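Here is a short briefing for a first look. Keep the sequence and the 3D view side by side as you read.

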Amino acid sequence: MGNQASQDRGASVTEVRFDPRLEALFDKLAQTESGQDPCITEDGFRELFGTPLPGFATVMFNAIAPNPGSGPVEGATKFTSSKEGSVGRHAFLVGAQETLNLTGLSSQIKYYHDVFFEREGVTEEGVRSMVHTAYTLCLASIHLDAEALKGDISILDSLSRSIMKTCGEQTEQKLNVVIQTHYVHLFSGLHTWVQNTLLQAQTGPNEELVAAVQERYADSMIDLPMAWVLSCILPIRYTQNRAELAAHSKLPKWLQWSQLYSSRQHGQSMNRFEHHVFSYKGPTILLISCTGGFTFCIAVDTEWKESTAAWGGMDCMILQLTPEVWVLEEGEGMMFVNHHARTVKNGIFFGRNFDNPLLRLQNGLDSLETTEGELAIASVEVWGCGDEGALKEQQLWRDWEHRQAERTQKVKRPGREDWQDNPDKFLLDMAGVETSRPQERPGM
C-alpha cells in the first residue's frame, strides 16, 4: 500500500493541506543528523504507535513511509527520505494526512486490509493478528484497557476462523470484500485510535470507565469481546447513538446496552421473559447459550410482540457466535411469537420459513430447536439496545400496569350481606333464575 501510494504522491502533494498538528508531530519525533534532512525512523513510530501493541508501530511505519529502507523512488525523490529506513517531512505529512482523510467505511477497510496484508499476503495467523489488533485498539480508543477487562477472547479466534472460511468458500472475493459484506465496522475503533494518535489526542485508560464496564457485564453471558464482535456485525441502530446523544456520551452505544431479562436472575419461563422484555420500544438482542458450546444471538429491530403473523424489520439478524461466528439470516419478517393462540404453533420462531425455522425457542425456554437438532438451553438473556428513553418508557408502562392490577384487586365485589339488595339479584329473580343457596332459601 505504501509503495503504490508513494508513486502517486509527487503530482498531488502540492494540493494537499496538512493538519498543523501533523507538522507539530513530525517536529516532535524527527531526528536530525549532520548533512541530512530531518526524518522519522521506525523507532519514532514505535514511540508514537507502540502502546499498547508494539508490533503495530512497524505496520504503520510500512503504511505511511514510502518504500522505507529501499532508497529513492523514481519520480518521487522530493518526497523520500535522505536516510535509509526513515521517512522525511513531506512523505510523512502526505501519508499521515491520507490516513486522517479516510472518512468512509469502504476506504478504511481497503486501507487497513493493505496495511496488514500487502507485504505478507492473507494468512490464517495474519487474520488472527488483525482481529486481535482491531479489538485491542478499539478499546484503547475509548480509554479502556483490554488487559484489565479480560473477557473470553476465544470469540476473537472464532471470528478469525469464520473470516478465513468465508474467504476459502468464496475464492473470487478478496478479504476486504468479505469484511465489507459481513464485518463492516471491524476497523472503526482501530481507525479512531490511529486518528487520535496522529493528532496527539489519544489518552490512556480511564479507570472510572473500566469499572463501569466491568459492573455492566458482571455475571452475564455477554462480555467485552462478545460485545465488540457484535458491534462489528450489527447494523448501527444497535451500536451507535444518535449524534446529539453521542456527543455527550463517554462510551459507544454498544457498551451501554441494558440487560432486560436473564433466565438465571428472573426465572426461566415465558411469562417472566414476556414481563421483562415486552413493552420495551427499542431494538434488542436475544442471547441463547446452549449445551455443546453453542451460542446464538437474535437481533430484533423493533418492539417484541405476540402475533399470528410474522414481523420484524430489515435490521433483524440471526447469528451464531460460538463455536464460530456466522450470520445465519437477516432481513424482515423473520420473527414469530405465539404462546396463547391454539390455532397456530406455540413458541418463538426465527427465520422466514416457519414450517422449518432456523431456530425455535420452546415456551419453557428450556430447549432450542435448530435445523441440526434440539439443544438444551443453559441460559437466556435479552439486552435493550435503545436509547435511555426506551428503558424509562418501559418502566413507566410497567408501573402503570402494576397500578392497574392493584386497582382491580381493590374493586369491591358484592358479598352475602349486599346480595339481597343488589339490583342484579332482582333482575335474575324476575327472569326465574334461582339466586339463593339452599341454606339461604326461606323455610330451609
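Where is Asn206 found? Asn206 sits in the loop between H11 and H12. Helices here are DSSP runs of H or I with at least four residues, strands are E runs of at least two, and both are numbered from the N terminus.

This is a predicted model, in which local features need pLDDT of at least 70, side-chain atom pairs count only at pLDDT 80 or more, and totals for chains, interfaces and linings use all residues. Residues are numbered from 1 along each chain as its sequence is written, and side-chain values use heavy atoms, with hydrogens and water left out.

**The chain as a whole**

- The protein chain has 20 helices and twelve strands.
- Of its 444 residues, 47% are buried. Buried means under 20% relative accessible area, exposed means over 50%, and partly exposed lies in between, with a 1.4 Å probe and protein chains only.
- The accessible surface of the protein chain is about 22,400 Å². Carbon and sulfur atoms hold 49% of that surface. The areas come from the Shrake-Rupley method with a 1.4 Å probe, and for residues only the protein chains shown count as cover.
- Take the contacts in the protein chain between residues at least 6 apart in sequence: 65% of them join residues at least 24 apart. Contact means heavy atoms within 4.5 Å.

**Nonpolar cores**

- The largest nonpolar core has 87 residues, and Trp228 and Ile285 touch the most other members. Helix H7 (residues 124–141) gives this core its largest share, nine residues.
- A second, separate core holds 31 residues, including Cys316, Ile318, Phe350 and Leu361.
- A nonpolar core is a set of buried Ala, Val, Leu, Ile, Met, Phe, Trp, Tyr and Cys residues joined through side-chain atoms within 4.5 Å.
- Leaving out residues up to four places away in sequence, Trp228 touches Val131, Ala134, Tyr135, Cys138, Leu156, Leu159, Leu186 and Trp254.

**The largest pocket**

- The largest pocket holds about 650 Å³ of space. A pocket is an open set of points on a 1 Å grid over the protein atoms alone, where a 1.4 Å probe fits, with protein on both sides within 12 Å along at least five of seven lines. Grid points are joined across faces, edges and corners, and the volume is the space filled by probe spheres set on the points.
- The lining has 26 residues, and Ser188, Gly189, Thr192, Gln240 and Pro252 lie nearest the centre of the pocket. Lining residues have an atom within 4 Å of a point.
- Helix H6 (105–117), H7, helix H11 (188–198), helix H13 (224–233) and helix H15 (243–246) each give two or more residues to the lining. H11 gives the largest share, six residues.
- The lining divides into nine nonpolar, 15 polar and two charged residues. Ala, Val, Leu, Ile, Met, Phe, Trp, Tyr, Cys and Pro count as nonpolar, Asp, Glu, Lys and Arg as charged, and the others, Gly among them, as polar.

**Backbone details in loops**

- A cis peptide bond joins Thr51 and Pro52, with omega about 10°. Pro52 lies in the loop between helix H3 (42–49) and helix H4 (54–64).
- A cis peptide bond also joins Thr322 and Pro323, with omega about 0°. Pro323 is in the loop between strand E6 (317–322) and strand E7 (326–330).
- Gln200 is not a glycine, yet its phi is positive, about 55°. Its place is the loop between H11 and helix H12 (207–216). Gln200 is partly exposed, at 39% relative accessibility.
- Leu365 is not a glycine either, and its phi is positive at about 55°. The loop between strand E10 (359–361) and strand E11 (367–370) holds Leu365. Leu365 is buried, at 0% relative accessible area.

**Residues to look up**

- Asn206 is partly exposed, at 29% relative accessibility. Asn206 and His143 are 63 residues apart in sequence, but 5.3 Å apart in space, C-alpha to C-alpha.
- Gln214 is in helix H12 and is partly exposed, with a relative accessible area of 41%. Leaving aside neighbours within four places in sequence, Gln214 is in contact with Ala148 and Leu149.
- Asp19 lies in the loop between helix H1 (2–12) and helix H2 (20–29). Asp19 is buried, with a relative accessible area of 16%. Not counting residues up to four places away in sequence, Asp19 touches Gln97, Leu100 and Leu199.
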